Amino acid sequence: MIENFRKIEYLEFGNERQKLAFSEIKKYGILEKLEKYNPILTGTIPIGIDLPESDLDIICECQNHSEFKTYLSEIFSNKKDFKVYSTKQNGIDSTIAEFKTDNFLFEIFGQNIPTEKQNAYQHMIIENRILKEKGSEFKQKVKELKSNGIKTEPAFAKLLGLNGNPYSELLKLKK
């Protein structure tokens with residue numbers, strides 16, 4: 001299992017969807033274009049618990065949301081179904097761009113927080129560790145719950161018997 005998600009080369013040797021994700025990210029130079037924002041691919045595809053409709057989530061660190069929004073528009077507005085918007089997530093200003101490429105929906109997510117400290121990255125690291133500890137049967141149960149419409153963090157919380165908000169409870173499992 002992956003210990004360092006900073007580079008995406010691990011995808012090249014993963015399952016079919018991971019290989020396809022690697023190819024698509026490289027083909028469009030996504031990470032290179034976002035380099036100044038310290039991008040990290042997060043979500044379910046890097047840890048192999050994705051569904052066929054799962055998107056590629058890339059988190060970024062942006063100090064200036066207006067500038068980030070403009071930059072995202074400049075480099076990705078020619079992509080299919082492009083949209084960019086700002087919102088608050090857990091009270092934190094966030095800028096999100098979405099677009100489609102040949103095989104994936106991309107979601108670029110920016111906050112004024114170092115990427116390795118953002119919840120999406122923290123959740124992925126914790127989930128990866130749990131998958132490693134619990135094995136393939138647990139992984140299959142997570143995927144089953146997800147295919148029945150349960151989001152990733154609530155699926156983990158349910159299987160681990162965590163009560164309360166699954167997103168914050170999962171963060172408590174950080175070592």
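Me: What makes the largest pocket a pocket, and what is its volume?
Reply: In this predicted model, its volume is about 1,100 Å³. A pocket is an open set of grid points with protein on both sides within 12 Å along at least five of seven lines, so that is why the space gets this name rather than cavity.

Me: Which residues lie nearest the centre of the largest pocket, and how many line it?
Reply: The lining has 36 residues, and Asp57, Ala120, Lys151, Glu153 and Tyr167 lie nearest the centre. The largest share, five residues, comes from α4.

Me: How do you know which class the residues lining the second largest pocket belong to?
Reply: You go by residue type: Asp, Glu, Lys and Arg count as charged. The list includes Arg6, Lys7, Glu9 and Lys26, along with Ile8 and Pro39. By class, the lining comes out as six charged, four nonpolar and no polar residues.

Me: What makes β4 and β5 a pair?
Reply: Two strands pair if there are at least two bridges between them. Seven bridges join β4 (residues 92-100) to β5 (residues 105-111), so these antiparallel strands count as a pair. Within β4 and β5, serine 94 stands opposite glutamine 111.

Methods:
Residues numbered from 1 in each chain as written. Predicted model: local features only at pLDDT ≥ 70, side-chain atom pairs only at ≥ 80, totals over all residues. Heavy atoms only, no water. Helix = DSSP H or I, 4+ residues; strand = E, 2+ residues; numbered from the N terminus. 1 Å grid on protein atoms, 1.4 Å probe; cavity = no way out; pocket = protein on both sides within 12 Å on 5 of 7 lines; lining within 4 Å. Points joined across faces, edges and corners; volume = space filled by probe spheres on them.
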